[in-house]
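Look at the sequence and the model below before reading on.

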Amino acid sequence: MEFERVQDISSSSLLNEAIPLEFIRSEKEQPAITTFRGPTPAIPVVDLGDSDEESVRRAVVKASEEWGLFQVVNHGIPTELIRRLQDVGRRFFELPSSEKESVAKPEDSKDIEGYGTKLQKDLEGKKAWVDHLFHRIWPPSCVNYRFWPKNPPEYREVNEEYAVHVKKLSETLLGILSEGLGLKRDALKEGLGGDRTEYMMKINYYPPCPRPDLALGVPAHTDLSGITLLVPNEVPGLQVFKDDHWFDAEYIPSAVIVHIGDQILRLSNGKYKNVLHRTTVDKDKTRMSWPVFVEPYREMIVGPLPELIGDDNSPKFKSFAFKDYSYRKLNKIPLD
């Protein structure tokens with residue numbers, strides 16, 4: 001095994017109420033110091049069931065311009081399906097280590113699929129208090145069941161059903177965002193690769209941490225994706241950076257949290273904001289989340305949409321193949 005799993009570190013750390021030095025963030029990152037404690041602005045919530053389509057479009061566009069993040073309710077994904085998705089994911093992480101390791105990311109893999117711990121380079125050598133599982137869920141041509149848990153037995157059925165619903169929601173939101181740019185409804189979907197756009201499921205598992213004041217589940221980052229559609233469990237932890245402060249995100253049962261990622265920022269030539277966010281951890285409870293990253297296939301070239309570029313609007317970003325963009329960002333190589 002390449003890395004010691006955080007789930008195992010948690011079990012031993014809780015006994016002595018201390019955490020290894022590499023998990024202690026610098027003072028500029030420690031949540032106890034940096035979390036805003038005053039009145040918190042409300043993260044936008046959009047009711048997709050509202051019959052006033054123009055009102056919905058305005059709300060989605062405004063949130064994407066100002067926050068880069070919003071929550072959607074009445075989104076069409078059945079509450080019971082979300083419950084089942086969370087149940088099979090939780091049961092996987094409660095399995096013995098040997099069973100989880102059977103779907104581990106191979107050490108020599110250039111991809112991120114599989115069960116694992118470390119993800120991206122940290123210039124200060126710090127580690128995040130999280131284990132994860134990655135696997136693609138759409139399109140069928142890129143699904144590799146090698147990294148789908150066989151236990152619990154319902155895992156595959158639930159995730160395949162969820163993929164159908166999350167794809168429909170994603171395309172609804174991309175359509176709204178395209179119209180918000182004054183473009184045809186499928187402009188952003190096509191900009192992400194059309195029918196070859198990939199949907200990557202990730203399960204984040206943040207075990208109890210004896211020093212949540214010092215550690216982070218995931219440090220501050222923006223998502224590589226076009227958009228990310230996330231459902232959390234009931235344990236708070238998502239924080240959003242806005243107006244130079246870190247704010248706690250409210251938990252709304254059965255809502256889907258929508259993150260604008262790097263590729264929509266780039267395709268929209270900066271009109272839509274990619275949200276800077278991070279995750280805190282809890283002293284007593286396990287936090288989990290299920291983001292689905294909607295992203296281009298590896299060779300897809302992504303840059304500002306040509307329809308948005310003109311004499312009065314020059315491109316703000318270079319175009320990159322998604323694989324090259326991802327490599328540069330994860331390895332902290334400049335993108336300009």
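How far apart do the end C-alpha atoms of residues 196-296 lie, and how much of the span is helix and how much strand? The ends lie 7 Å apart, and the span is 6% helix and 45% strand. The model is predicted: local features need pLDDT of at least 70, side-chain atom pairs count only at pLDDT 80 or more, and totals for chains, interfaces and linings use all residues. Residues are numbered from 1 along each chain as its sequence is written, and side-chain values use heavy atoms, with hydrogens and water left out.

**The annotated span**

- UniProt lists residues 196-296 as "domain: Fe2OG dioxygenase" in an unreviewed entry.
- UniProt positions are given in the numbering used here, feature names are shortened, and annotations may be inferred rather than shown by experiment.

**The open sheet**

- Helices (H or I, at least four residues) and strands (E, at least two) are DSSP runs, numbered from the N terminus.
- Two strands pair if DSSP finds at least two bridges between them.
- An open sheet is formed by 4 strands in the order 6-11-8-9, with antiparallel pairing.
- Strand 6 (218-221) and strand 9 (245-248) are the edge strands, and each pairs on one side only.
- From one strand to the next, the twist averages 20°; axes are lines fitted to C-alpha atoms, and angles run from 0 to 180 degrees between N-to-C directions.
- In a regular strand, side chains alternate between the two faces of the sheet.

**Strand 8 and its partners**

- Strand 8 (residues 238-242) pairs with strand 11 (residues 277-279) in the antiparallel sense over 3 bridges.
- Leu 238 has Thr 279 as its bridge partner in strand 11, and Gln 239 stands opposite Arg 278.
- Strand 8 is also joined to strand 9 by 4 bridges, and these two strands run antiparallel.
- Lys 242 stands opposite His 245 in strand 9.
- The hairpin of strand 8 and strand 9 has 2 residues between the strands, and Asp 243 takes a positive phi near 55° there.

**Nonpolar cores**

- A nonpolar core is a set of buried Ala, Val, Leu, Ile, Met, Phe, Trp, Tyr and Cys residues joined through side-chain atoms within 4.5 Å.
- In soluble globular proteins, nonpolar side chains tend to be buried together.
- The largest nonpolar core has 60 residues, and Tyr 162, Leu 173, Ile 227 and Ile 264 touch the most other members.
- Helix 6 (residues 155-180) supplies the largest share of this core, 10 residues.
- A second, separate core of 12 residues includes Val 6, Trp 129, Tyr 206 and Ala 215.
- Not counting residues up to four places away in sequence, Ile 227 touches residues including Leu 173, His 259, Ile 264 and Phe 293 (contact means heavy atoms within 4.5 Å).

- Gln 263 lies in helix 8 (residues 262-267).
- Gln 263 counts as buried because its relative accessibility is 1%.
- Beyond four places in sequence, the residues that Gln 263 touches include Leu 192, Leu 224, Pro 296 and Tyr 325.
- Ser 268 sits in the loop between helix 8 and strand 11.
- Ser 268 is buried because its relative accessible area is 4%.
- A polar atom of the Ser 268 side chain lies 2.8 Å from the backbone oxygen of Ile 264.
- Leu 181 and Leu 308 touch Ser 268, not counting residues up to four places away in sequence.

**Thr 222**

- Thr 222 is found in the loop between strand 6 and strand 7 (227-232).
- With a relative accessible area of 16%, Thr 222 is buried.
- The side chain of Thr 222 makes a polar contact of 2.8 Å with the side chain of Asp 262, and another of 2.6 Å with the side chain of Lys 329.
- A polar contact is a pair of N or O atoms within 3.5 Å; within protein, one must be able to donate a hydrogen and the other to accept it, and residues adjacent in sequence count only if both atoms are side-chain atoms.
- Leaving aside neighbours within four places in sequence, Thr 222 is also in contact with residues including Asn 274, Val 275 and His 277.

How values were computed
Buried means under 20% relative accessible area, exposed over 50%, partly exposed in between (1.4 Å probe, protein chains only).
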